Every structure is written in structure tokens, then in C-alpha cells.
Amino acid sequence: MSSKPAVAMKKMFFREAIALAVREEMRANPDILILGQDVGPFGGSYREFDGLFEEFGAQRVRDMPVAEAAMVGVGVGAAAAGLRPIVSITYMDFMMLGFDPLINYGAKLRYKTGGQLTAPVVVKTTAGAKGQGVAHSQCIEAWLMSVPGLRVVAAATPADAYGLMKTALRSDGPVVYVDHKRLFPVAGEVPVGGDAVPFGSAKICRPGSDLTITTHSFMVRTALEAAKLLEKDGVSAEVIDLRSLAPLDMKTIVESVGRTGRLLTLEEGQITTGVGAEVVTRVIEHLGPVQFTRVGALPAPISSNRILEAACLPDANRVAAAARLLQSPKKLVSSY
Amino acid sequence: MLYKISVPQVADVEEIRVLEWHREAGEAVEKGDLLVELETHKAIVEVRAGQKGYLRKILAESGNWQAIGLPLAVLSEGENDPVPEDAQALTDLPVDFEIT
Amino acid sequence: MTDQSPTAKLRMMKLIRAFEEALAARPDHGFQLISSGEEAVAVGLCSSLRPQDQLLTGGRSIGPAIARGVDPSRLMAELLGRSSGTNKGKGGRGHISDPASGFFGAHAVVGGNITIAAGVALALQMSGKEAVAVILFGDGAFGAGALHETLNIAASMKLPLLFVCNNNQLSVSTPRSMALAPARLSDIGIAFGIPSETVDGMDLDAVSAAISGALEHVRAKKGPAFVECISYRFASHSTTARETRSREQLTEIRARCPIVKQSGKLREAGALDDASEQELDRLVAGAVEAALKFADASPMPREEEALQDVI
């Protein structure tokens, strides 16, 4: 009889779930190291690496200069040569600087070498708008979903922050792990010692019957708020937390929309070629035409200005309004 | 007169974890005494008594969680004032809180 | 390469020259970057490396791959798109990879392999192994931010990384002097505290000596080193790029042949004569013929292989 350690549910902050997953994996695997700005004694910009420098030391938790292209390249190269780095990019906006090593080398490595080499690197990055302005607010995960060879995940709860990080650190290729500024204050129950959350696994976090809302990251909370508003109007919304953007869990999504008949996709990023565009297209390929609408940020850079930021980002009211329109048979156009 | 201590309104925080009580139920407290340390997602908040009194009942023990605005403990001016069941209706004790 | 005798090194340079010429002569040669004229850089570098060291290059990869000891037959197969190639026919020249031979790989993005090489060096450093990583890049990559970021990180982390800049003084059509501010590219080492040197890349022995000296520093765990080799390429940038130099200029350039130079040196030293040189040429021709034969006998990949090894 195998002795699997018992799973203990423990309430903790989102950042603690990340730190715990990383700590457990670093204890189990000496090849894991962290590269980033302020990851060492500072413990990470959001304290998501708290205590790791103290336990594992400067060799495995390394503060790097601000040079995202080189930092990602070093992480990818080290992965290709046998290590398992986490490259921490504090703002997702700055991932763009590391696109060449991540995409042109890391994601293509297995293919271009005919299977000889692979780069098991986790690029962990924080997306989302929170008053910090046009270059510190973006959610660009949709840009990465189409890269062959790259996996993209986004947790919305501390439990999944834990489970997805474990999966990412055990992957055999590059993974982009997206968290969100507005998720760090969130606390939740985490199954410590529990199973990792696999790639390609979405979760129905609120069952419903009148429409399906697919979403990810912080917008899952917005969707749940909207679902509460809709309940008062007698509309039952099923909310699916995608968790994995590449690969998508189409089985769960298609089964849900097959039941509800209506699809609302929600993201904080842009809807043009967004996550929702891909979900809608694939659902229609599976089921034929369905009533759908996409909700996302307005097509403008997200300013640090409080009024303008709020005007651009989806909130529960906007989502509920879009969902109500979806109930009527009118033809819908998403707002570009 | 009875008071409650509530979880302070800290910007951008929804709930906190109670880290450590520095006073026990039944103890006298002076103005400025450190009553409890709370943990937010970012930092530790030290809650200090804004006036003297007696700590009568702790509502959220160390290691437990509490939402912003909800009560953590009941205090009274008199050592033996009767403590009510429901603390939510009580006046908030003036406190100083420091984020470290 | 295991045999580092002067004759073996001459043979290796001849092999590179003959291999690339044979490749370029094929109607199905594909998109190739030929290194004729730059053989002393490849051989001078690789003859100083140990089996466990890892070499990474840019797109002008064929000469260095051969010099590093990648099997010429599997290399030719890869260049001609056969599934028996080093990369199953999927990488081509721009991505030749044979880590078992110490050729970690080429990468076709100019400057794109430099940061990667630093990562490989970090892995070697953390493994405690004696091996070092080497990144070979051209003057065309010298202006890239990736180089400067990597010099900083390599120096700061004392990575076991050797930077070798093959300055053939032309980036497609742009002369070095028009693109790059420093006259001596190795001067960049000064800014980062990295020992650096500029040598004549047409002189095999000068390259070998400079590389050996630099490697000593790197192997002693003192941090990175930088060697700039000044060379000339005898052909245009690639098989699709137009030649930018005049016939007179090219005649003058080709007169600096490193193979002729090395051959002359060995003859003067009495280590080579007509008969022995002809024997070398015969062996080289045989190896090239065998490579072509192997490639031509190999199948192209099946269509289904397009979706294999993606993730």
C-alpha cells in the first residue's frame, strides 16, 4: 500500500500558495532555481517567494539586473541544459522584451532540434490593471496561446495557484504562468499536498443553466459577482474558470454550452483575437451556431487614471448587462 | 462602556489573518499597548490600544481569518462590565494601527 | 576534434571548405550561409575545446559544426532536409544541433543564441562540471542588446562562458565601420571587466593561441573572456544574397586564404609535401562524397512528422 502524504486544507493568501508550491518543488528537485528582480531577500514583488532565499540561498534564488531579454534567455538556455528555472517577470507588459528567447528559441526548441533538446522553463508573470498605467497593466496571454510548443496557465484561486505551479514545475517544456495583481489580496483554501492541477483542465466554479460564462484569472471573481446579480433577475449563469489557456479544455466548455445554449466570454485583455475569440470559434466548430458575446477591456491603453481605468475594465455590472442582452434573441455585436 | 476592536480598513485588503495576540482575555491594557498583530497579503499590521481598558473577549484567535470591518475582540472600561453576545453593535475602540 | 596535430587541423579546414563547396554546388542547396575563408576561426576555436564543452553559434553554423566534430554525413543530411539529419530534417542549417558532440546548437536569430549560451553556462556552473560554454557570433550581432545584457550578466555571475566574435567585417551589405561604433570590438570587454583580445582570424595558430589563453581564464572559474577574430568571407553573405564587393576586392581577399597559409607553414616546417597534401585532399574528398551519398540515400520526412516533437 503506497503511503501518500495526507492532504490538509489550509487557508492562505494567493502569494503564500505560490510560495508553498515553489518551496515544495524546490525541496524535491534541486534543479529548480528562481531568476528575477527582487526575488531574493526581498521575497518577490508581491512576496510570492517569501522565505525561499533564506531556505535555498543565493545560488538557487537569484536577483538579476533589469534585462528581460537576457533573463528569459538565460532561463531558457539553462533549462535546455538541464535545469528547471522559474523566470519571474514582475509585470506581464515586460514579457514582450523576452519574446525572442521564449518563443523563437524556447517554444521551438524541441521541434527545431528534432526532439534532442527541450526547455522546461516556467516564466511566471503578473498581469492586470491596478492603477499603474499604460505600460504596467496589460493582460496579453491571448498573444501566447497560438505559439506551438508553449503552454499558458492562469490561476484564479490560491488552490489553483498552488496546483498549477506544481504542474508547471514538472512540465517538460516552457510554461507561461500568469497571475494577477488583484488576486494577491485574495485568501482561499489550498489542498496542501494535494494533486497538481493538470494542463488543459477547466473548472465549473458555479453551475448554472441559462448561459455559460468562460473566463480566467481575476475576471473569474468578476464573473461570480455578475452571476449573483443575474440570479436576482432569475438568470442562472454557469461560470467556467478556464485555468489553462493553452491547451484549452474544450470538453468542459462544449459540454456546458451544449446544455445552456448561450456563451459569454470574459477577459480583462482585449477581445480582438482574444481568449474569448478562440473559445467562441472552437465552440461553434463543435456545436454549430450558438448565441454568444465577448466581453473584455475597451480598445484603449489602460491609463493609471482611476476614472479612465474603471471605464475601460469589465466589471460585474457590465458583464451582467451583456448576459441579459444574450438572453434576448437580438443579434449581438461585441464592443470593439 | 463596552467597545469592540474591528479589523482596520487597510487599502486593497479584503481579509486578514490574525498572527498573534499580545494580550490575553482578562488583562488590563494601557493606551499604546500592542494588542494584536494582523497579517495582510502584503504586510503586518500592529494594532495598539488608543485608550486604556480591559480586554474581555477575543473573537478571532491566532491563525484564524477575519474580514475587514468585522470585530476581533471586545473591551470594556470597567473590569467587570457584562459582555454582550453580539459585538457588532458596539462602538469601535480608538486604535492606532501601524503597517510594518 | 580529438586529433589536434597541425596536419589534422589543416585537414579539418580543408574538409569544411570542400563540404561547403559541394553543398553550394547542388541545385537543391537551399538557404545556406557559407564560411569559406573563415575556416581558421572555426578550427582554431574547436581544436582548443574539450569533449564536454558546449558550442553555440549563430546562423553561419556549418563550418563550426564540422570543426566541432558533428558527423559530416548526418550534417549533410540535415542541410538537405533528410529525416536522417541531426535534427530529423526539421532544423536545417539555422538550427543544427548535436549536443552529444558538444555542438549544443546553432540558432538563426542574429544574436538570439547569446543569452541562451549564458544559460547553458549557468547550468554548467551549477553542475560543478569543468566544462565551459562558448558562443560564436559575428560582427552582425555585435550591436544587439542581447550581447550587452549577456556580457553584463556573465561578468557579474562569473559564468564559464567564452565569447568569440568572428568579425568578418561585413553584415550582408553593411561594413562593420558603418554599423558599429567601436573600432576594436574586443574593447567591449573593458566596460565589463572581461579579459579580451583581438587576433588575426585568417591565422589558425593565432586563433588557437588566443582561444587557449582565454579558455584557461574561463576554466579557472575567473569568469568570461572575449576573443575577436578578424576574418574575411570569400563569398556573399548567403546563397540568396548578392555579392557587394568588386572582383578586384574579392581577388585580394581570397589571396588571404587560411588554408593556403597553414599549408605553406607546414610545408616550410617540413611537415607537409605534395604527396601528403594530396592524401589529405583525397581523404577530404572521400568524406564529402560519403556525406552526399548518405544524404541522397536518406528519405525526406513524412508529412505526419510535421506535427511531431511540437510539445
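**How chain A meets its two partners**

In this predicted model, 11 residues of chain B are in contact with 12 residues of chain A. The area buried between these two chains is about 1000 Å², and carbon and sulfur atoms give 44% of that area. One salt bridge joins B:D12 to A:K130, with the closest N and O atoms 2.7 Å apart. Seven residue pairs are in polar contact between chain B and chain A, both residues being at pLDDT 80 or more. On the side of chain B that touches chain A, strand β2 (residues 15–21) of chain B gives the largest share, three residues. Sorted by class, that side of chain B has six charged, three nonpolar and two polar residues.

Besides its link to A:K130, B:D12 meets B:K42 in a salt bridge within chain B, at 3.7 Å from N to O. B:K42 lies in the loop between β4 (34–39) and β5 (44–49) of chain B, and B:D12 in the loop between β1 (2–6) and β2, so the pair ties together parts that are 30 residues apart in sequence. With 53% relative accessibility, B:K42 counts as exposed, whereas B:D12, at 32%, counts as partly exposed. Salt bridges also form a network in which A:R15, A:E16, A:R47, A:D50, B:R17 and B:E39 are linked.

The next interface is that of chain C and chain A. Of the two pairs of chains in contact, chains A and C share the most contacts. Chain C brings 35 residues to this contact and chain A brings 36. About 2800 Å² is buried between chain C and chain A, with 68% given by carbon and sulfur atoms. Three residues, C:I116, C:M126 and C:I311, supply 21% of the area that chain C buries against chain A, more than any other three residues. The count of salt bridges between chain C and chain A is zero, but 10 residue pairs are in polar contact, both residues at pLDDT 80 or more. The elements giving two or more residues to this side of chain C are β2 (103–106), α5 and α6 (145–156) of chain C. Helix α5 of chain C contributes the largest share, 11 residues. By class, this side of chain C divides into 15 nonpolar, 14 polar and six charged residues.

At 1.5 Å a residue, its 16 residues should span 22 Å, and the end C-alpha atoms are 24 Å apart, which agrees.

Over all chains, a search of the whole structure finds 49 salt bridges. Among them is the pair C:E243 and C:R245, at 2.7 Å from N to O. C:E243 counts as partly exposed at 30% relative accessibility, while C:R245 is buried, with a relative accessible area of 14%. Another salt bridge joins C:R302 and C:E304 at 2.8 Å. C:R302 counts as partly exposed at 48% relative accessibility, and C:E304 is partly exposed at 47%.

Finally, no contact joins chain B and chain C, and their closest C-alpha atoms lie 30 Å apart.

Definitions and conventions:
Residues are numbered from 1 along each chain as its sequence is written. Chains are lettered from A and ligands numbered from 1 in the order in which they are written. This is a predicted model: local features need pLDDT of at least 70, side-chain atom pairs count only at pLDDT 80 or more; totals for chains, interfaces and linings use all residues. Side-chain values use heavy atoms; hydrogens and water are left out. Contact means heavy atoms within 4.5 Å. Buried area is the accessible area (1.4 Å probe) that two parts lose on being put together, summed over both. A salt bridge is a side-chain nitrogen of Lys or Arg within 4 Å of a carboxyl oxygen of Asp or Glu. A polar contact is a pair of N or O atoms within 3.5 Å; within protein, one must be able to donate a hydrogen and the other to accept it, and residues adjacent in sequence count only if both atoms are side-chain atoms. Helices (H or I, at least four residues) and strands (E, at least two) are DSSP runs, numbered from the N terminus. Ala, Val, Leu, Ile, Met, Phe, Trp, Tyr, Cys and Pro count as nonpolar, Asp, Glu, Lys and Arg as charged, and the others, Gly among them, as polar. The expected span of a helix is 1.5 Å times one less than its number of residues. Buried means under 20% relative accessible area, exposed over 50%, partly exposed in between (1.4 Å probe, protein chains only).
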